[in-house]
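Here is a briefing on one protein model, arranged by topic. Look over the sequence and the structure before reading on.

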Amino acid sequence: MDHKIEFFIPAPACTCSGPVSPRDAEKRSKLEKLMSAVENSFPYTVIIRYAMADERGYAEGLRRLASYLAEIGEEDFAHRVAFSLRYVLPAVAVDGKLVAYGRVPDIEELSQYLKEMEPGREG
C-alpha cells in the first residue's frame, strides 16, 4: 500500500505576524529535516508539500488543513485557519488524517502511524 504524507509548511515570515521567532525558525528547520528523513526512509511514500509562502500551494493547503482540523474537532481553528496559521503550523497528515499540528512529529511517530495504517491492521 502506498502511503501519502502531507506537510503543511509555514511561511518563513509574513507581515501579519512579524519577524520569525527563534522557536518558529527551529520548527521550520526541524520540519525540513523530517521531510528529508521521510524521503530517505520511506521511498515509496507519496509526499505532498503545501508551502504556505507559495501562492500556488496556499489555497489548496488552507482547504485541506481546515478539513483535517474540523475532522479532529478543532472547529475554531478550522473556521479561521487563515488567521490561525501561526498556531497550527507546521502540520503533518498521514493518509488523510492529521497526526500533528503546531509541532513537528519525529520520524518514529510517523513510522508508527504508517504501520498502524497498513492493510489488515486496526488503527
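In which sense do S1 and strand S3 pair, and over how many bridges? S1 and S3 (residues 91–94) pair in the antiparallel sense, over four bridges. Two strands count as paired if DSSP finds at least two bridges between them. The model is predicted: local features need pLDDT of at least 70, side-chain atom pairs count only at pLDDT 80 or more, and totals for chains, interfaces and linings use all residues. Residues are numbered from 1 along each chain as its sequence is written, and side-chain values use heavy atoms, with hydrogens and water left out.

**Overall make-up**

- The protein chain holds five helices and four strands. Helices (H or I, at least four residues) and strands (E, at least two) are DSSP runs, numbered from the N terminus.
- Read from the N terminus, the order of elements is β-α-β-α-α-α-β-β-α.
- Of the 123 residues in the protein chain, 36% are buried. Buried means under 20% relative accessible area, exposed means over 50%, and partly exposed lies in between (1.4 Å probe, protein chains only).
- Take the contacts between residues at least 6 apart in sequence: 60% of them join residues at least 24 apart. Contact means heavy atoms within 4.5 Å.

**The sheet**

- Four strands form an open sheet with mixed pairing, in the order S2-S1-S3-S4.
- S2 and S4 are the edge strands; each has a single partner strand, so one side of each lacks a neighbour in the sheet.
- Neighbouring strands are turned by 20° against each other on average, direction ignored. Axes are lines fitted to C-alpha atoms, for helices over the stretch in contact, and angles run from 0 to 180 degrees between N-to-C directions.
- S1 (residues 4–9) and S2 (residues 46–51) run parallel, joined by six bridges.
- S3 and S4 run antiparallel, joined by four bridges.
- Glu6 has a bridge partner in S2, Ile48. In S3, Glu6 stands opposite Ala93.
- Ala93 is in turn bridged to Leu98 in S4. Val92 has Ala100 as its bridge partner in S4.
- S3 and S4 make a hairpin with two residues between them. Asp95, in the turn, has a positive phi of about 50°.

**Burial in the strands**

- S1 is mostly covered, with five of its six residues buried.
- In a regular strand the side chains alternate between the two faces of the sheet.
- In S3, Ala91 and Ala93 point one way, while Val92 and Val94 point the other way. All of these are buried.

**H2 against H4**

- Two packed helices are described by the angle between their axes and the distance between the axes.
- The axes of H2 (residues 55–71) and H4 (residues 81–88) come within 11 Å and cross at roughly 75°.
- H2 is therefore roughly perpendicular to H4. The cut-offs are under 35 degrees for roughly parallel, over 145 for roughly antiparallel, 65 to 115 for roughly perpendicular, and oblique for the rest.
- H2 contributes Tyr58, Leu62, Leu65, Ala66 and Leu69 to the contact, and H4 contributes Val81, Ala82, Leu85 and Val88.
- These contact residues divide into nine nonpolar, no polar and no charged. Ala, Val, Leu, Ile, Met, Phe, Trp, Tyr, Cys and Pro count as nonpolar; Asp, Glu, Lys and Arg as charged; the others, Gly among them, as polar.

**Two sides of H4**

- Val81, Ser84, Leu85 and Val88 are the buried residues named in H4.
- They cover an arc of only 150° around the axis, which puts them on the same side of H4. The arc is that of the directions from the helix axis to the C-beta atoms.
- Their cover includes H2, H3 (75–79), S3 and S4.
- Tyr87 is also in H4. Tyr87 counts as exposed, at 55% relative accessibility.
- Leaving aside neighbours within four places in sequence, Tyr87 is in contact with Phe77 and Gly102.
- Tyr87 and Phe77 are 10 residues apart in sequence and 8.6 Å apart in space, C-alpha to C-alpha.

**H5 on the sheet**

- H5 lies across S1, S3 and S4, running at about 25° to S3.
- The buried residues of H5 (residues 107–116) are Leu110, Ser111 and Leu114.
- Seen down the axis of H5, they fall within an arc of 105°, so they line one face of the helix.
- They pack against S1, H1 (22–41), S3 and S4 (97–101).
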